[in-house]
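Dear colleague,

Please read them with the structure open beside you.

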Amino acid sequence: MATNILDNIDLRKLGELLQQARKKSGLTQADAAKVIDAARTTIVAIEKGERRLKPNELIKLARAYGRAVSDFVRSSPVTEPFEVQFRAAYQRNEQEEARITPIIERFEKLCRNYLELEKIMDAPIPRNYPQEYDVASMPIEAAAESIAIAERQRLGLGDSPIPMLRDILEQSVGIRVFYLNMPAKYSEIYSYDEQLGGCMAINLGHYEERRRWSMAHGYLHFLAHRRKPVVDFDGQYKRIPESERLAEAFPKYFLMPTSSLLSRFKDMHRTHGKFTPTNLFTLAHYYGVSIEALVYRLEDMELLPSGTWDRLRDRGLKVRKVQQELGLEEIDQRADVLPIHYQHLAIEALDQGLITEGRFADFLGVDRLEARRIAEVLREHSSGMLEESAHLDLRQA
């Protein structure tokens, strides 16, 4: 139970809500008093806001009234509406407005639901936020690589590939990352405010290599332009602003560190006497990036001739077909719409009786039947994690 909520909640307002729920359920003050094993005068004091409830008392009363605890303690943080922020974030016509507005609204609801679950369970997402990087007066490429190196060091990533980038951003940084269905031309939505923190929505319909690139792109906005919301989609700029050029440059250094990439390239070239097409596909898979992104990166480093990607594209390169022929498995991914922490907070709140099954379904954005199926999966997953943890403890002992 989130004791911090009861410590800071408006007692008078809570009392009014409890009184309304009690009357609606048909119970008297004497009935309610029996539920918490107290005198009727205690209920009178609680409903007047003169006596602070204990967490277990609130749980018992909520159950007796047929309500979820969250109905009484749910807070509505005062934050600037997403739509107000995004209205000035980029230029769009009425057609684009109609396409993206429902997605922004869905994104906003999920972010606020996440915050509500944290408050219900008293389990805020840990924030490991760096100070915003100052890139004033720095050349774009130098700034992008400098930030990438600094963040890799800060997060203990060295110069190795980042196989589970979404997990790193969620668990090691504390950014809320959702995967949402969007029109193909949209890749990512980024927003930030003091209460919600950093939030990203990534296009679920894109292949994993592009989703990873979009996450890194959005991460740069968080690192260097934290309070500036962004909707990223193809063809939106007539003249690309400097902030966007920096965000476009950052992923190649963050996902493919220069020192590591150069070493790998040289090893492959030395082994085969040249850098082969097979090497190209293997190296792209190693870093979890697209062939196009890797080729452009190698061109920038003057390790491949300029125009290599254009020639490959003009020859009709079938990337997925070649990957299958080479036996390269799809990149590990977790394409859940909702972050893992969000899902586990929801099932814990349900199992502790802090939210109803209907509210659980609402948090997950599904109907009740699907919510029950998901609940069983989450319970099994949580049980498996506990068993694994117990085995680890025994081995350590």
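On a 1 Å grid over the protein atoms alone, a pocket is an open set of points with protein on both sides within 12 Å along at least five of seven lines, whereas a cavity is a set of points where a 1.4 Å probe fits but cannot get out, and lining residues have an atom within 4 Å of a point. This is a predicted model, in which local features need pLDDT of at least 70 and side-chain atom pairs count only at pLDDT 80 or more, while totals for chains, interfaces and linings use all residues. Residues are numbered from 1 along each chain as its sequence is written, and side-chain values use heavy atoms, without hydrogens and water.

The largest pocket is lined by 27 residues, and R210, W213, H217, E248 and E292 lie nearest its centre. Two or more lining residues come from each of α11 (208-224), β4 (230-233), α12 (242-255) and α15 (291-300), where helices (H or I, at least four residues) and strands (E, at least two) are DSSP runs numbered from the N terminus.

Three cavities of 30 Å³ or more were found in the whole structure, a volume being the space filled by probe spheres set on grid points that are joined across faces, edges and corners. The largest cavity holds about 50 Å³, and among its 12 lining residues M164, L165, R166, E208 and R334 are closest to the centre.

Finally, the end C-alpha atoms of residues 18-72 lie 7 Å apart, and this span is 67% helix and 0% strand.

With best wishes
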